[in-house]
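Let's take a walk through a protein structure together. Have a look at the picture first, and then we'll go through a few parts of it.

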Amino acid sequence: MADIERIALFIDGANLYATAKSLGFDIDYKRLLREFQGKGRLIRAFYYTALIEDQEYSSIRPLIDWLDYNGYAVVTKPTKEFVDSLGRRKVKGNMDIELAVDAMEMAEHIDHMVLFSGDGDFRSLVEAVQRKGVRVSVISTITTQPPMIADELRRQADEFIDLIHLVSKIGRDPGERAARMERYQERPRQMAAPAPAGHEDEEE
């Protein structure tokens, strides 16, 4: 192909995490980046997630730091806490607007948008980006009960890719964590240094 396709990834972090968990695997973000770098010219890989600010330690923080230093454009914002009509405390951390604004701004610089989300709220965004001449692939899954992707989003996309078909390409080796734990147990007298911030703990 004479023209190399310009690609941008838009990852709804919480949604992708929930989808991968429902399929029983962990995402290897280094492999994910490599997979799409091999498909064209990867212009940008955005990762969106909300952070609980007042927590002393967030389990997502090591992943965020790793992504930030390893080729991802990480977009975060603090979660908002509120009380619903029944008096229950709820935490809200919706990143839809941030993702939509970035996608519209990037549309003129790319040929192909890859959206990692099943959120039906993105249907109108996908349609708007398509009107600018950009091809849109949506990655989620229909293999769970209920499916993780909204039907209207799947219908709007130019291409729907089921995440289950990418497990062998972007999934983390299940033996990796077990091997690391064994290494730590073999040296009990040494002070356990924290694992390098990487793609090992994608938990939200």
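What follows is a short tour of some strands, a helix and a loop. Keep in mind that this is a predicted model.

Let's start with the strands. Strand β1, covering residues 6–12, runs parallel to β2, and seven bridges join the two. If you want a spot to look for, find L9, which stands opposite A45 in β2. Now move on to β3: β2 pairs with it too, again in the parallel sense, over six bridges. Here T49 stands opposite T76 in β3. While you're looking at strands, remember that in a regular strand the side chains alternate between the two faces of the sheet.

Next up is helix α3, made of residues 61–69. Which of its residues are buried? They are P62, L63, I64, W66 and L67. And what do these buried residues pack against? Their partners are α2 (29–37), β2 (41–51) and β3 (73–78). Just after α3 you'll come to G71, which takes a positive phi of about 95°.

Last stop: P147, a residue in the loop between β7 (135–140) and α6 (151–156). Is it buried, exposed or something in between? P147 counts as partly exposed, because its relative accessibility is 39%, and that label covers values between 20% and 50%. Leaving aside residues up to four places away in sequence, P147 touches T141 and I142.

Definitions and conventions: Residues are numbered from 1 along each chain as its sequence is written. This is a predicted model: local features need pLDDT of at least 70, side-chain atom pairs count only at pLDDT 80 or more; totals for chains, interfaces and linings use all residues. Side-chain values use heavy atoms; hydrogens and water are left out. Helices (H or I, at least four residues) and strands (E, at least two) are DSSP runs, numbered from the N terminus. Buried means under 20% relative accessible area, exposed over 50%, partly exposed in between (1.4 Å probe, protein chains only). Contact means heavy atoms within 4.5 Å. Two strands pair if DSSP finds at least two bridges between them.
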